[in-house]
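Subject: Structure handover

Hello,

Please find the structure below. My notes on it come after.

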Amino acid sequence: MKRTARFSAAAAVITIAGILVWGAVGVSLGDDLLKIGAPVAATGPTAREGVLTKQGYDLWAETVNTRGGIKAGGKAYKVQIVYYDDQSKPQTSAELTERLISQDRVSFLLGPYGSPATFADEAIAEKHKMPIVITEGAADQLFQQGYKYNFGITSPASDYAAVMLKLAVALKPKPETVAIISADDLFSIEVGNAAKSWADHNGLRVVYFQKYPVGAADLSAALTSIRSQRPDVLISSGHLEDSLLVMKQAQTLDVNVKFYGFTVGPTTPDFVKALGPAAEYVFASSQWSADVTYRDGIFGSAKDYNKLFQLRYGFEPDYHAAQATAGGLALQLAIEKAGTLDPQKVRDALAGLDVMTFYGPIRFNAHGLNLSKPMVTMQIQHGRLVTVWPFDVAPAKPIYPAPAWSARR
Amino acid sequence: MTPRTLALGALAAAALGVAVAFPAFAGGYYVRLATGIYMFGALASAWNLVGGYTGYPDFGGAAFLGIGAYTTGILMLRAHLPFAAALGAGGALAVLAAVGMGTLLLRLRGHYFAIATLGFMLVLRQVAANLPITGGGSGMNLPIASAFTPFYYWMLGAVVLGALGGALLPRSRAGYAIAAIRENQDAAQVLGIEPLPYKILAYASNALLFGAVGGIYAYWFTFIDPPTVFNIDFSIQAVVMTLLGGPGTALGPVAGAIILKILDTILTNISLFLHNVFFGALVCVLIIFAPRGLAEVLRRRGGIVRAIRTELEDSRV
Amino acid sequence: MIFNTDVALQNAVNGLLIGGTYATVSLGFSLVWGILNIVNLAHGAFVMLGAYETYWLFTLYHVDPLASLPLTAAALFAFAYPIQRYVINLVIRASFLVTFLLTFGLELLITNIALAAWTADIRSVTTVYSGRSLLLGPVVLPLVRVATFAVAVAVAILLHLLLTRTRLGSAIRATASDQEAARLMGIPIAHVYALTFGIAAATAAIAGGLISLSFPIYPAMDAGYTFIGFVVCALGGLGSVPGALLGGVILGLLQTYTAAWLGPNYDNLVAFAVLILILLLRPAGLLGRVQRFRG
């Protein structure tokens, strides 16, 4: 009896202590503060991209606060973003979203990193009728659920491959064959399928089309098969580690392709740093680059944003950071347009938003998808990323075809 | 019926009463957290049946979780079955799979059994990733549930089932055989106990719980894909919780689940980036000072310090 | 699928060479499991540490990655020895699950401290020769992979000699087969265990160093390699050095050919089905002896 009592007492003390801690953390901090929730990965497989997202969000919050905050209903609200680490796990992300809404009492939500986590979180947001601005989830499925409270500012997954292939077919000599590999997850599969579909409809013959497990350690078999098919173009849709692995193994297995295109990877600084000269000539699709000619009244032009980010963090932003900032900006503009913090009115303001930002035009269709912003294609030239397509904003010309590995030494 | 049993029974009934009434007075976040605790409590209790009582460390329990999850999902989405029916089918299929695979895998022992069960889970993961009916690697979206509270009660039911199983099994006839198998399987065989049916019983019970939890999990989170459900994390958590709470006891796994989940949440609040470091250190410390679980530490006479010292003496080389 | 001899040949090479990497990763894991009866969930973390050490030596001090391997091995030996001696030793006679959980906690600690210290940035070691290959007719031989395979064989031979020809090796094997008798013979058990663990960590570090040349490295990379250790050991046999080589090569070939013929998304399916089959037919693995399960 004594032991059981001791045990129960210990459990009770722990529980009560825990509740007190939760309560303390959840106490709201004052009227003129606007709390926005963001469950972003700080650890786990997408930690790298999660950090970039957080940096983007922070830059927006800092900028808007130095300008006096968000103005609505005659008051100015300072922005405070409440972060929790979802460990790159969708289920954790959902729990944290629930916590942000009911415990931390945030007024709005900014999206997590990745389509799976976004999918989990938007369902929670929808249930609580809280607007969520999706910045790092581009899978088409996210916007096919009939939800009314999610708004994605990025171009959809289907654009990722199309934007590179459109450039490829404009080059001379025109490529005829393409190999497509994609990681086996929600977003990458959509991109891969869209690539195949575009190729089939535009005269490119698909000679290899396979998926590989997420986090695969070795792709030599796939690359060996690709090598034997001798495609002109290789489109690889995966995540950062995969893109590094593909290039490293393409080099060591002497896979010579004229056009290497990746949907994720080359735009992060890690890619060039890790691969060195092997990164040359690689193409990447990007939601945004510093060369686009969009501008807005808060961040200025794309180049201005680039400088601002570089000043703040010491390296140039890739599109993950830029779209995070743009998401915050879209939310801000909607609140100011609605003139109130009422979630319904802000939701309606978001639905009717039609603005130009440094990131590009933002206008949501009935499903919350932003179809008005085109993507760009970039290429690594002399160790730097430059925009090469669309031709009217590109400061550099694409280098094509990529020289064979043996010729590069 | 000793006074002690009566008192414990009353305590359990009271706790159950509070649990049933909980959603009426607690906020959404706490209800959700409690649901998560019940989920892992159920998984830990399940693992305890085959790993703690029978001595067969199963690391592929998520194979059954995945079977339950996908069966529920497919039946709800494509056959438009209501949740309860789909869940039942999921649990049944998990049990069938356990009986089938168990006849093969339970012939292995110890480490080899552990790896084989893990291999089984991974085979299922890749099968699920390549079948059109599961949605492949893109995953599957179940129909959206209209309210959350039912999930709380489903998971509560699961953990109660698990705890009941953990209480009833050792006291049943099968329980004696299972204890004999755990202590010395060869001797038990000599004594006329045919081990395989009992091992399958434990393994299938474990699978039923994992499968049921899987089905509830799928409907709760709406989106499932192969790496999320066929994930060794579930088994590892179940093992950690059971060991911390005390294997071979009915409530040990549940207590372990409560403590670990609460600790994890507190740590996450303290530090966004370092919570896993603290968690890892905590697991190390707890394991070193209570290798047979907290239940054992509490059971020993002479107070906690003396108990810990005895544990250390017993365990070091 | 049309059968193409060139492709099949290349895949044989691919499978063999990555098998060498798998073998190097698994040698230490097998040793610790077979001899100390510890499933070291932090083994992959040692591989990761070895990879990062090689990376930093190369990036900050321009030490060639292959040349720094002995340094990395020694450093991880020094790191792992006290961990076994003063931490894991405390619970070594408790059930196998207890040590399992302890190493699980260690893995969390090591990986997350690494994450906090070095961030999640993905890195790789790129030397002048890291991309080079030898073209032998239709077959492409990536030089680094060949070097890895050679190192795997060399380390395996060294380890085998250590275990069979030296006094330390005899002490280790004696302790493994009968701890009480060994203690009665005056063998310092705690020290022997710690030495074994340290040697295993050293081989893991060597594997990590070689991995940093061909693969991207990041703090969370450890789980995959620990897992490979599991599979290779089960295939080849616990505590058997030639078994680790054999198991590694078999796994590499199985994965590669499955990926080539069924598609990369099936690569583990066949490997694990074969694994289960082998465990059912030969529970100790192909070259192992049946271990008495303690605890």
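This is a predicted model: local features need pLDDT of at least 70, side-chain atom pairs count only at pLDDT 80 or more; totals for chains, interfaces and linings use all residues.

Residues are numbered from 1 along each chain as its sequence is written, chains are lettered from A and ligands numbered from 1 in the order in which they are written, and side-chain values use heavy atoms, without hydrogens and water.

Rings of Phe, Tyr and Trp (its six-membered ring) pair if their centres lie within 6.5 Å; planes under 30 degrees apart are stacked, over 60 edge-to-face, and the rest tilted. On that basis there are 43 aromatic pairs over all chains. One of them is stacked: B:Phe40 with B:Phe234, at 6.3 Å centre to centre and 25° between the planes. B:Phe40 belongs to helix α2 (residues 28-53) of chain B and B:Phe234 to helix α11 (residues 232-245) of chain B, so the pair ties together parts 194 residues apart in sequence. Helices are DSSP runs (H or I, at least four residues), numbered from the N terminus. Both B:Phe40 and B:Phe234 are buried (under 20% relative accessible area, 1.4 Å probe, protein chains only).

A charge sits over a ring if NZ of Lys or CZ of Arg is within 6 Å of the ring centre and within 35 degrees of the ring normal. A:Lys54 lies over the face of A:Tyr83, 4.7 Å from the ring centre.

In chain C, helix α10 (residues 241-261) has 21 residues. After α10(C) comes C:Gly263, with a positive phi near 120°.

Regards

Technical notes
Helices (H or I, at least four residues) and strands (E, at least two) are DSSP runs, numbered from the N terminus. Buried means under 20% relative accessible area, exposed over 50%, partly exposed in between (1.4 Å probe, protein chains only). The expected span of a helix is 1.5 Å times one less than its number of residues.
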